[in-house]
Amino acid sequence: MSDKLPPGARCLFDAAAVDRAVDRIAVQLAVRLWDKRPLVVCLMNGGLPFTADLLRRFHFDLELDYMHLTRYRHTAGGEIRFTRGLERDLAGRTVLLVDDVLDEGETMAAAQSIIHERAPKELVTAVLVRKDVPCVVEVDHAALVAPNEFLVGRGMDCDGWFRQLSGIYALPADWSAEAS
C-alpha cells in the first residue's frame, strides 16, 4: 500500500493549516514551560510526529522520554495495552504529556494516571487534535478540533498506514486496509 488515500477520504487540515496550529500551540506551551526544564513525554506511536514538531519549536531546556500505550485495533478502540514505561524520575518535575489525538480519552486518562503515580510537580497535556466528542478526560492544550471521524495523518493511522501524511484526513466509514 502506498500513501495514496482511498476514494472518499477528505482533507480536514492541509499541511499548512497543521503547521500553523502547531506554531500557535508551541508558543502557548513555551510561555508556560520555558523556565521549568520540563520532561516531555511522547505517547507512542501516534504522538511522535507532534512531539517532534513541538521539539523543533522549543528553545528551552527540556528532557525527552516516551511511553507506549495503545487501545486501537483497526478503527475500533479496545483494551488498553501498556508496552513501555518511562525511564526518567518524575518526582517534583513538570511533565508535558504529548499525544496525537484525544477522542474518548481512555488512553490519555491511563497515561495521566501512570504519570500521577510518579508524583510530578505539574502535569501539562497537549494533543494535536481533539475530536468534538465527550471525553473521560480533558487536555490543557489542543492544536486542532475535528469532527468525530476516523482520522489519519500526522501520526494518526489505520492499521499502521498513513501516519506519515503531512495533513489530516478523514477516512470513509467503510474503508478497510485489507480491501486496498
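This is a predicted model: local features need pLDDT of at least 70, side-chain atom pairs count only at pLDDT 80 or more; totals for chains, interfaces and linings use all residues.
Local features need pLDDT of at least 70 and side-chain atom pairs count only at pLDDT 80 or more, while totals for chains, interfaces and linings use all residues. Residues are numbered from 1 along each chain as its sequence is written, and side-chain values use heavy atoms, with hydrogens and water left out.

**View 1. Helix α1 against helix α2.** Here we look at α1 (residues 15-33) and α2 (residues 48-57), whose axes come within 10 Å and cross at roughly 60°. Helices are DSSP runs of H or I with at least four residues, strands are runs of E with at least two, and both are numbered from the N terminus. The axes are lines fitted to C-alpha atoms, for helices over the stretch in contact, and angles run from 0 to 180 degrees between N-to-C directions. That makes α1 and α2 oblique to each other (under 35 degrees is roughly parallel, over 145 roughly antiparallel, 65 to 115 roughly perpendicular, and the rest oblique).

**View 2. Who touches whom between α1 and α2.** From α1 come D19, V22, D23, I25, A26 and L29; from α2, they meet F50, D53, L54 and R57. Contact here means heavy atoms within 4.5 Å. The residues of this contact split into six nonpolar, no polar and four charged (Ala, Val, Leu, Ile, Met, Phe, Trp, Tyr, Cys and Pro are nonpolar, Asp, Glu, Lys and Arg charged, and the others, Gly among them, polar).

**View 3. Strand β2, covered on both faces.** Six of the six residues of β2 (residues 39-44) are buried, so the strand is largely enclosed by the rest of the structure. Buried means under 20% relative accessible area, exposed over 50%, and partly exposed in between, with a 1.4 Å probe and protein chains only. L39, V41 and L43 sit on one side, with V40, C42 and M44 on the other. β2 runs parallel to β5 (residues 94-102), joined by four bridges, and L39 has V95 as its bridge partner in β5. Two strands pair if DSSP finds at least two bridges between them.

View 4. Two bridges link β8 and β9, and V152 stands opposite Y169 in β9. Q164 lies in the loop between β8 (151-152) and β9 (168-170) and, at 51% relative accessibility, counts as exposed. Twelve residues apart along the chain, Q164 and V152 have C-alpha atoms separated by 9.0 Å.
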